[in-house]
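Here are my notes on this model, in numbered points. Please have the structure open beside you as you read.

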Amino acid sequence: MSMSTRGTSCGFAVAIVLALTLAVRGAQTLRERALQLMAGTPLIDGHNDLPWQLRKRFNNQLNSVDLNTIDGTHTNIPKIKAGRLSAQFWAAYVPCETQYKDAVRQTLEQIDVIHRMCSKYPDDFMFATSTEDIRTAFRENKTASLIGVEGGHSIDSSLGTLRTMYQLGVRYLTLTHSCNTPWADNWRVDTGADPVEHKGLSPFGKHLILEMNRMGMLIDLAHVSEAVMNQVLDLSRAPVIFSHSSAYAVCPHKRNVPDSVLLKVKEKAGIVMVNFYNDYVTCSKTASISDVADHFDHIKNVAGPFIIGFGGDYDGVTRVPEGLEDVSKYPALVEELLRRGWSDSEVTAALGGNLLRVFKAVEEVRDSMNATKPDDVPIPLDEVKNPCRTDYGYPAPPDNAGPSFIHSPLALVFSVLLSTLLANQSESFLW
């Protein structure tokens, strides 16, 4: 090999090493920048199903579980700390199969286990019900723990039950899960898998939206039909959330949000918190961290950076993207957004600024309605009547068939004669 050839080869080698070194430094710089942003702004995630894992695996026997060492879940305390997860809406979820049965009881038990998580690990979790609580927990380096009830079936069509859950700390209600309620249609209606029952919301469902505004409860539109999305966005006096949904234009799954609705969310100053479930990210069983970032980019391009948040759906799904295997991986997604040119202000808005703004607006609407009386008009009985439900309190139905035989004088005479006849027969038999 000649000296010139040898020199050229060395030059190429030096250039490759230098390029690799710069690439590594660049990645480190982005990660450091991501962590710096996360140190200054609370990362708020809209939906985590760890409480359901506690139900399925341990029947909510929290005394038998150590959240520092629990495995087989996307979430535990060390992973939370590694992921810089500053605030979490824990899902109080029970399946649609509980509707018309024991949904309220089971939901209360899920609310209870979230409270007990906070009590058992006071150095790590702080129970939270307000924007100020989230900020306080962040200053104290604890994870603010809020409750969202996932599915309108959990309130059994009762505004009184909804208000009671608010008093227990629930701060959002997902209007449906993957089943219709007696007052709202779910997303499966748009696929044809479930029948259209209400063409969106029933009259009672519309009353419920305004009662949630009065209470100061966030309205969550994840899982609802597109008709419900549009009706709520038109009706609600406060901004709304999608706690764990992605962009329909990127992955055309009916659980995701179409562009037309994204624009209405922007007009309403609401938020869409991006879901990490592979099936909603790529409409397939595999996905990558880049695919999730595509949803962030699309929502930003359509409706701006100030309606976006994080809604991982960890421990509620079976498939998550490569690079986002558990809650410890949030910094990698923030790094990816920075790599794509997101500004610091856009990232901090998505981390938690947007949700705090929405939540604060909901609180302000609540305060503006403090002179409004609670809505105590029950759902019509014929909309909820089933074998497992009593009708105490509802007026007796009008009798349009003339005098009731069971209460007539003739019926009383017949009853006496029948009793006498049976008594005589009994005496004859005994003798």
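1. Buried here stands for under 20% relative accessible area, exposed for over 50% and partly exposed for what lies in between, with a 1.4 Å probe and protein chains only. Helices (H or I, at least four residues) and strands (E, at least two) are DSSP runs, numbered from the N terminus.

2. A word on the source: this is a predicted model, in which local features need pLDDT of at least 70 and side-chain atom pairs count only at pLDDT 80 or more, while totals for chains, interfaces and linings use all residues. Residues are numbered from 1 along each chain as its sequence is written, and side-chain values use heavy atoms, with hydrogens and water left out.

3. Next, please look at strand E8 (residues 271–274). Ile 271 and Met 273 point one way and Val 272 and Val 274 the other way, yet all are buried.

4. E8 pairs in the parallel sense with strand E7 (residues 241–242) over two bridges, and with strand E9 (residues 308–310), also in the parallel sense, over three bridges. Pairing requires that DSSP finds at least two bridges between the two strands.

5. Together, E7, helix H9 (residues 259–268) and E8 form a right-handed β-α-β unit. Right-handed means that, with the strands pointing away from the viewer, the path from the first strand over the helix to the second runs clockwise.

6. Gly 352, in helix H13 (residues 344–368), deserves a look too. Is Gly 352 buried or exposed? Gly 352 counts as buried because its relative accessibility is 1%. Leaving aside residues up to four places away in sequence, Gly 352 touches Thr 41, Pro 42 and Ile 44. The C-alpha atoms of Gly 352 and Ile 44 are 5.1 Å apart, although 308 residues separate the two along the chain.

7. Finally, the whole protein: it has 14 helices and nine strands, and buried residues make up 52% of its 431 residues. Of the contacts with a separation of 6 or more, 72% are between residues 24 or more positions apart.

Technical notes. Contact means heavy atoms within 4.5 Å.
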